[in-house]
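Here is a short briefing on one structure. Please look over the sequence and the model before reading the points below.

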Amino acid sequence: MGNTALNFGAGPAKLPREVLEDVQSELLSFQKSGMSIMEMSHRSKEYSKINNDAQAAIRKLLNVPDNYRVLFMQGGGLGGFAAVALNLINRTGSADYIVTGTWSNVAAKEAAKYGKVNLVYPLADKPGSIPDQSSWTLNPDASYLYYCDNETVDGVEFPFIPNNPHNVPLVADMSSSIMTKAVDVSKFGVIFGGAQKNIGPAGVVFVIIREDLLGKPMDMCPTILNFTHINKSNSVHNTPATLSVYIMEKVLQWIIKNGGVEGMQKQSLEKSNLLYQTLANSNGYYSCPIDQNVRSRINIPFRVGGEKGNEELEAKFLEEAEKLKMYQLKGHRSVGGIRASLYNAISKQDVSLLIKFMEEFQRAHS
Ligand SMILES: *Cc1c(COP(=O)(O)O)cnc(C)c1O
């Protein structure tokens with residue numbers, strides 16, 4: 001069987017086995033060329049097709065309107081944080097940030113290097129909730145309104161698209177939620193994220209941008225983060241991460257084959273409901289610190305042994321999980337505890353196995 005590990009990692013994360021086998025089968029000779037895709041020019045007709053097919057798959061899966069462009073760049077999610085500000089913040093010099101956890105906080109700090117950042121509500125002492133929208137202070141002259149759709153570290157997900165009464169460009173980091181649910185792209189100025197959570201390996205960042213937002217980057221914007229240049233060159237301005245784009249394209253086809261975003265969304269709800277139900281049924285043995293209404297379907301943090309968590313029990317939990325080949329369940333170092341990430345490649349069966357283990361662990365250690 002070989003690789004039978006159950007990988008609940010937050011990212012890089014599990015990829016569909018079918019896709020990895022497909023990659024393996026043509027790794028040495030891409031479509032009978034006698035060369036690996038890794039060895040081919042990014043300007044070859046082979047790579048051009050992959051590049052265009054990947055863009056087309058994203059357009060198809062998300063119904064991307066014609067006045068939007070799909071770009072691929074490097075630099076990871078963090079590169080995206082800088083790129084968003086460098087390409088957009090000089091429209092008016094300031095931007096609004098909704099900080100719901102770790103990644104939006106990092107993004108706001110990055111943007112503050114290039115312009116004025118307004119937090120729409122003060123930083124909470126502890127993430128885990130989203131203040132009511134009526135309490136937000138939104139600037140009508142903001143260059144854009146920014147949020148992180150799903151906070152991968154903290155387990156906070158927006159169950160709605162934020163109100164945007166002044167109709168400024170809405171920018172969303174969807175690194176960990178892209179292709180897990182349907183989105184109305186027309187409500188956004190920019191959607192971006194790293195591929196390595198839900199749609200591919202590390203190394204590529206997707207950007208979906210409304211065309212009218214191109215063309216006005218800051219003078220200091222590095223060429224490799226410049227959406228306008230990347231767009232003009234169809235994402236081959238310089239050498240892209242060709243292998244990553246190639247694998248991402250296969251994952252996107254796998255999603256299309258498996259019911260598209262609607263199929264992924266249905267599965268995602270089922271999987272996360274099963275896990276949250278297990279927490280709810282544990283009499284407080286397992287506890288999740290996040291407000292019910294903003295709990296992530298994708299990254300589920302919880303403590304073992306009561307509300308504050310018992311670190312000894314949690315270490316034991318991780319140790320015993322690994323004996324069953326369940327890996328990467330450790331919570332982010334900044335929050336501790338356990339975190340189960342249920343990305344698209346995680347099946348309902350995988351979640352059932354995790355739940356069975358959790359129930360047995362509770363019986364044995366309470
Ligand atoms: C992982 C992640 C990031 C950071 O991505 P890097 O590629 O490591 O820079 C940013 N935002 C979100 C929501 C993430 O999940």
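K356 and E360 lie four residues apart in helix α9, so about one helical turn separates them. Their side chains form a salt bridge, with the closest N and O atoms 3.7 Å apart. The model is predicted. A search of the whole structure gives 17 salt bridges.

**Salt bridges**

- K356 is partly exposed, at 49% relative accessibility. E360 is partly exposed too, with a relative accessible area of 37%.
- One network, joined by salt bridges that share partners, takes in D149, E157, K181 and R297.
- E110 and K113 also form a salt bridge, and their closest N and O atoms are 3.1 Å apart.
- The two ends of that pair fall in opposite classes. E110 has a relative accessible area of 19%, so it counts as buried, the limit being under 20%. K113 has 56%, so it counts as exposed, the limit being over 50%.
- K250 and E26 meet through their side chains in a salt bridge, at 2.8 Å from N to O. This pair links distant parts of the chain, 224 residues apart. K250 belongs to helix α6 (residues 242–257). E26 sits in the loop between α1 (17–25) and α2 (45–62).
- Both K250 and E26 are buried.

**A buried charge without a salt bridge**

- D350 is placed in helix α9, which spans residues 348–364.
- D350 is buried but has no salt bridge. Its nearest side chain of opposite charge is K14, 4.6 Å away.
- Beyond its neighbours within four places in sequence, D350 contacts L6, F8, K14 and A345.

**The three-stranded sheet**

- Three strands make an open sheet in the order β11-β12-β14, and the pairing is antiparallel.
- β11 (286–287) and β14 (338–341) are the edge strands. Each has a single partner strand, so one side of each has no neighbour in the sheet.
- β11 pairs with β12 (residues 299–304) in the antiparallel sense, over two bridges. Y286 has V304 in β12 as its bridge partner.
- Helix α7 (residues 260–280) packs on this sheet and touches β11, β12 and β14. The direction of helix α7 makes about 15° with that of β12.

Key
Residues are numbered from 1 along each chain as its sequence is written. This is a predicted model: local features need pLDDT of at least 70, side-chain atom pairs count only at pLDDT 80 or more; totals for chains, interfaces and linings use all residues. Side-chain values use heavy atoms; hydrogens and water are left out. Two strands pair if DSSP finds at least two bridges between them. Contact means heavy atoms within 4.5 Å. Axes are lines fitted to C-alpha atoms, for helices over the stretch in contact, and angles run from 0 to 180 degrees between N-to-C directions. Buried means under 20% relative accessible area, exposed over 50%, partly exposed in between (1.4 Å probe, protein chains only). Lys and Arg count as positive and Asp and Glu as negative; His and the chain ends are not counted. A salt bridge is a side-chain nitrogen of Lys or Arg within 4 Å of a carboxyl oxygen of Asp or Glu.
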